[in-house]
Amino acid sequence: MSKSYDVVVIGAGPAGYVAAIRAAQLGLKTACVDRWINKQGEPALGGTCLNVGCIPSKALLESSEHYHELLHGLGEHGISAKSVGIDVPKMIARKDKIVSDLTGGIKQLFKANKIDWVQGAGRLLTGKQVEVTPNGADQPSETLEAGAVILATGSRPVDIPAARINRDRIVDSTGALELTEVPKRLGVIGAGVIGIELGSVWRRLGSEVILLEAQDDFLPLADAQIARESLRQFKKQGLDIRLGARVTSTKATAKQVALTYQDKNGDHKLIFDKLIVAVGRRPNSDNLWAPDVELLTDESGFVHVDDQCRSTLPDIYAVGDLVRGPMLAHKGSEEGAAVAEIIAGQATELNHDTIPSVIYTAPEIAWVGKTEEDLKAAGIDYRIGTFPFAANGRARAMEQAAGMVKIIADAKTDRILGGHIVGPMASELIAEIVLAMEFRASSEDIARTIHAHPTLSESLHEAALAVDGRALHRA
Ligand code: FAD
Ligand code: NAD
């Protein structure tokens, strides 16, 4: 007899596991099906984010930043260190321990919330049934009955014919988190979020890094002024970012990778010890439903959903990287929780206009809301306030004064329309602007809010004052 649940979630990444927890909190009998097998060969919860994404990349960014600081960042503080060493396998082992602790934590949360973790690949059948093919080939498949199904199967790296993944030399983002030594020459195809985060990790550890980006613009989704400043900072750090560069072929041998690319000046050849391919991700929607299930997707395979993540079929929802919008863990988690609430009959709200984006480089880049370019295109009048970290006492004390804050407000109503930061702790600072936007605050609201001194957040205060031309610490 098949098991029956109020909710069956397929996928236990940040979108799916949060949906499962919220559904269970609301008293719904919940199962979560996931097929992930970790590098130790064991089933693991947490999806891309915890296993091979957000968490391991931030662990390595942190370790590599300490090493880089020790070598290059502390001299100004009057601190010198001799015989600074690096143990890459130990750095990777620390990262692995954080991953296993956190994925183990989700297992505990499932237990505490009485969620059934069903290990294997899920496939949606008609009549709100989910067929599960267990990971072990010798085990029979089972069918779960559901009141509602939440599809949360996430995404995987895009591969390109010009640079096929070859575990030794050409790796994707997962392989880039597992290098056992620092490559002397590292190539990265794609100067997007993954490219610059993981390129930074290995640059800080000593690699010569060249990033090849097909587009002519750097970080086209960011505000152009912030993207220009970020590019300037990264180039200063020695990241060689080549824009308008189209990779045409690669050839991996036992020792190296030969790569050719084209730009406006013609054909170029490069040799690398390792090559990371980071050219975007695509949704895991293939074979996710039986042929007679009529679920609508777009041409790239994203499941079509409305503002509240309802698919085109009743009681079937889809969340996270599998659907439209930015591929971000916090976006997926919010959608997961909201869908669980909708299934439980609650009213809920999802504000896609205030999803923050963060890039964890040094300096960090963070933004929320509209860019200047968005507003120009929409014909909306705006006012801007900017403030450089060079004029912020705390940033100077930290010796991290590169970058700026930019606040954009509606010219008529003064309502904050966007916030953009490149600088120290931008990932944390952006939360103030997100909250202000959620509360429909004006720049005057931030300008009238007392910020502690000396803090980095005073730069937000000054940028808000600058919207009205009255920044206090800027000539
Ligand atoms: P996923 O996390 O991809 O999880 C999907 C789950 O579904 C997986 O466990 C998979 O095994 C399972 N699954 C798939 N198909 C099936 C099936 N048929 N049956 C059963 N199970 C299935 N985002 C941020 O917000 N901040 C960051 O700092 C950040 N850093 C990143 C760094 C890297 C290197 C990468 C690759 C990504 C990063 N991301 C970051 C993006 C983030 O990881 C994703 O947006 C997030 O994981 C999406 O969550 P999800 O639950 O939709 O999907
Ligand atoms: P991305 O879309 O950020 O960047 C991919 C880049 O590769 C783009 O700039 C694109 O123009 C370029 N590109 C595509 N094809 C190319 C080619 N053939 N040659 C050269 N360049 C090419 O994607 P990503 O960096 O792979 O990251 C995937 C997703 O994961 C992103 O959507 C991001 O939201 C998410 N992510 C988020 C974080 C974070 O929040 N800090 C970190 C990592 C990843």
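This is a predicted model: local features need pLDDT of at least 70, side-chain atom pairs count only at pLDDT 80 or more; totals for chains, interfaces and linings use all residues.
**Entry 1**

I started with the volume, and the second largest pocket holds about 1000 Å³ of space. Next I asked myself which residues lie nearest its centre. They are Glu 65, Glu 69, Ala 362, Pro 363 and Gln 400, out of a lining of 33 residues.

Then I sorted that lining by class. I found ten nonpolar, twelve polar and eleven charged residues around the second largest pocket.

I also looked up which helices take part. Helix H3 (54-73), helix H6 (193-204), helix H7 (224-236) and helix H11 (426-438) each give the lining at least two residues. H3 supplies the largest share, with nine residues.

**Entry 2: H1 against H8**

A reminder to myself: two packed helices are described by the angle between their axes and the distance between the axes. For helix H1 (residues 14-25) and helix H8 (residues 329-343), I noted an angle of about 30° and axes 7 Å apart. Angles under 35 degrees count as roughly parallel, so H1 and H8 are roughly parallel to each other. I wrote down the handedness too: the crossing of H1 with H8 is right-handed.

Which residues of H1 and H8 make the contact? On the H1 side I listed Pro 14, Ala 15, Val 18, Ala 19, Arg 22 and Ala 23. On the H8 side I have Ala 329, Gly 332, Ser 333, Gly 336, Ala 337, Ala 340 and Glu 341. By class, this contact between H1 and H8 comes to eight nonpolar, three polar and two charged residues.

Key:
Residues are numbered from 1 along each chain as its sequence is written. Chains are lettered from A and ligands numbered from 1 in the order in which they are written. Side-chain values use heavy atoms; hydrogens and water are left out. On a 1 Å grid over the protein atoms alone, a cavity is a set of points where a 1.4 Å probe fits but cannot get out, and a pocket is an open set with protein on both sides within 12 Å along at least five of seven lines; lining residues have an atom within 4 Å of a point. Grid points are joined across faces, edges and corners, and a volume is the space filled by probe spheres set on the points. Helices (H or I, at least four residues) and strands (E, at least two) are DSSP runs, numbered from the N terminus. Ala, Val, Leu, Ile, Met, Phe, Trp, Tyr, Cys and Pro count as nonpolar, Asp, Glu, Lys and Arg as charged, and the others, Gly among them, as polar. Axes are lines fitted to C-alpha atoms, for helices over the stretch in contact, and angles run from 0 to 180 degrees between N-to-C directions. Angles under 35 degrees count as roughly parallel, over 145 as roughly antiparallel, 65 to 115 as roughly perpendicular and the rest as oblique. A crossing is left-handed if the near helix is turned anticlockwise from the far one by less than a right angle, and right-handed if clockwise. Contact means heavy atoms within 4.5 Å.
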